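Please open the model in your viewer and keep the sequence panel beside it, so that each selection can be followed in both.

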Amino acid sequence: MRIKNNEVAVYAIGGLHEIGKNMYCVQYQDEIIIMDCGIKFPEDDLLGINYVISDYSYLIKNRKKIKALVVSHGHEDHIGGIPFLLEKIPEIPVYATPFALSLIRGKLEEHGILKTTELHEEHEDTVLKFKKLSVSFFRTTHSIPDTLGIAVHTPLGAVVFTGDFKFDLTPVMDQPAPDFQKMAKLGNEGVLALLSDSTNAEVTQFTKSERFVAQSLHNIITGIHGRIIFATFASNLYRVSTAIQAAIDTGRKVAIFGRSMENGVDNGIDLGYLDIPKDLIVDAEEINKLPPDKVMILCTGSQGEPLAALSRIANGTHRQITLQPGDTVIFSSNPIPGNTLSVNHLINKLMEGGANVIHGRVNNVHTSGHGGQEELKMMVRLTKPKYMIPVHGEYRMQVIHTQLAQQAGVPAENTFVLSNGEVVCFGPNGARLAGRIPAGDVYVDTSGTADVGNVVVHDRQILSEEGLVVAVATVDYKHKRVLAGPDILSRGFVYMRESTELISQAQKHVYHVLRNEMSKSDKPKESEIKKAITENLSDFLYSKTERRPMILPIIIEKK
């Protein structure tokens with residue numbers, strides 16, 4: 001990447017051609033502002049991977065230029081990667097809204113780095129000033145409190161990042177409406193580039209208000225006579241508040257299950273977003289003694305997470321709650337990309353257990369937090385950007401978003417469909433693509449280990465699809481003899497009792513490879529022998545089965 005001294009560079013380290021992993025940077029001379037640092041939930045083929053984070057190597061190399069990490073809101077795909085970034089670059093100051101900050105503190109505490117992190121609270125009127133850049137904020141609405149758009153002011157104009165947004169004119173919980181005046185003011189002052197949320201670029205209408213869903217949920221809950229299990233995102237305090245108010249109105253007690261839900265409710269109470277009567281919340285022991293029509297269980301697990309409270313209830317492994325025929329389970333969320341199969345499996349499991357399940361937009365129990373096409377065009381009209389870069393969306397969404405921007409007045413040549421790591425530079429004489437920076441995926445597995453690596457994931461995929469074949473032999477290198485074996489063991493490849501002829505032929509192949517390799521040298525190298533066994537046996541098995549299992553040669557040397 002080559003940035004001229006009079007150019008402003010914009011690039012994404014995550015969040016392009018994908019849903020999640022949002023991380024965008026503005027760089028001018030020796031100053032970098034980072035906007036958000038999220039994770040992405042893995043697809044089903046990433047076996048054993050908990051989530052995916054960004055490659056931070058460029059930022060590590062340029063750590064002295066980083067002035068701040070500013071956060072638009074507290075969703076995982078915007079803050080989940082912060083602990084991993086700060087473990088690499090602990091000196092970055094983090095600025096976030098009150099609710100997002102409470103969630104970030106919890107993550108940093110889990111990673112043991114809370115005390116070493118510089119945290120600051122930001123609001124819509126906050127202005128951060130650095131030597132060459134400054135940052136301001138503007139109020140938007142989303143499915144979580146304290147959502148802000150971010151404007152990075154450069155000598156060439158403002159680079160505006162919308163964050164996740166929709167234009168909800170009737171938000172719940174007394175949250176303020178979007179600040180159209182401030183967006184329009186930015187447009188009048190001069191927006192160099194707009195980085196806008198593309199998640200719902202394919203949706204033709206305005207996104208429904210949260211208040212509409214609140215009324216629908218209230219009506220549904222009022223008509224239920226059995227026990228209610230209400231599952232949603234712990235961070236969606238709007239939906240949590242709606243459920244709690246419906247419980248109050250119908251005379252139900254509420255029990256909360258799931259650590260993230262407990263933390264979310266506690267943070268909501270502490271920050272004044274939730275007003276809950278003291279006697280409303282009860283524990284599991286008391287909830288199990290109440291009549292079903294007096295009970296609401298508020299829990300995590302709406303995304304089918306196997307260890308979340310709802311999955312354990314469905315599987316009968318929850319210590320305190322047992323699924324009962326006649327229970328009504330409300331999924332007040334939509335599956336995140338990558339979670340659809342697990343959510344469907346969970347719904348089936350709940351219905352097999354005798355529960356009624358209410359889910360999806362058909363029942364009006366969920367609305368998106370992202371704006372549809374009309375809102376995206378309105379954002380362009382308000383901010384009047386010179387250049388437009390669609391972000392946070394898959395490739396087709398970004399392309400459609402550029403078309404919407406063109407309809408709203410941005411010239412086609414001033415729109416950029418970028419990929420992660422691709423750098424666009426804006427200068428006095430126009431815009432240009434200026435190379436790439438590292439921006440691949442880094443995998444975090446269930447043990448919390450970062451950077452599992454593509455090789456490990458590839459091995460897991462082979463094991464899951466093709467199986468494992470182990471070849472074991474005892475050899476005497478000195479006299480160039482095979483003393484025992486070779487024995488062939490199969491796991492997930494073929495059923496050995498029904499494949500005796502294949503196993504016998506495989507043993508002969510390994511035997512001949514051992515003899516041949518040992519005869520080549522007085523001091524044969526074990527690594528070369530194993531490589532030869534792997535290649536020969538792999539080709540043989542493929543010729544017989546058209547499958548390539550993982551080959552694991554084990555050579556025991558008798559000295």
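**A sheet, its helices and some salt bridges**

Begin by selecting helix α16, residues 526–545, which lies across β22, β23 and β24 and runs at about 140 degrees to β24; bear in mind throughout that this is a predicted model.

Now show the strands themselves, which form an open sheet of three in the order β23-β22-β24, with mixed pairing. Because β23 (481–491) and β24 (550–557) each have a single partner strand, they stand at the edges, and one side of each is left without a neighbour in the sheet. Direction ignored, neighbouring strands of this sheet are turned by 15 degrees against each other on average. Zoom in on β22 (residues 468–476), which runs antiparallel to β23 and is joined to it by eight bridges; Val470 can be found there opposite Leu489 in β23.

Next, turn to the salt bridges, of which the structure holds 22. Select Asp539 and Arg548, whose closest N and O atoms are 3.3 Å apart in a salt bridge; Asp539 is partly exposed at 46% relative accessible area, and Arg548 is partly exposed at 38%.

Then select Lys21 and Asp441, a salt bridge with its closest N and O atoms 3.0 Å apart. Lys21 lies in the loop between β1 and β2 and Asp441 in strand β21, so the pair ties together parts that are 420 residues apart in sequence. Lys21 is buried, with a relative accessible area of 0%, whereas Asp441 is partly exposed at 34%.

Conventions:
Residues numbered from 1 in each chain as written. Predicted model: local features only at pLDDT ≥ 70, side-chain atom pairs only at ≥ 80, totals over all residues. Heavy atoms only, no water. Pairing = 2+ DSSP bridges. Helix = DSSP H or I, 4+ residues; strand = E, 2+ residues; numbered from the N terminus. Axes fitted to C-alpha atoms, helices over the stretch in contact; angles between N-to-C directions. Contact = heavy atoms within 4.5 Å. Salt bridge = Lys/Arg side-chain N within 4 Å of Asp/Glu carboxyl O. Buried < 20%, exposed > 50% of the residue type's maximum accessible area, 1.4 Å probe, protein only.
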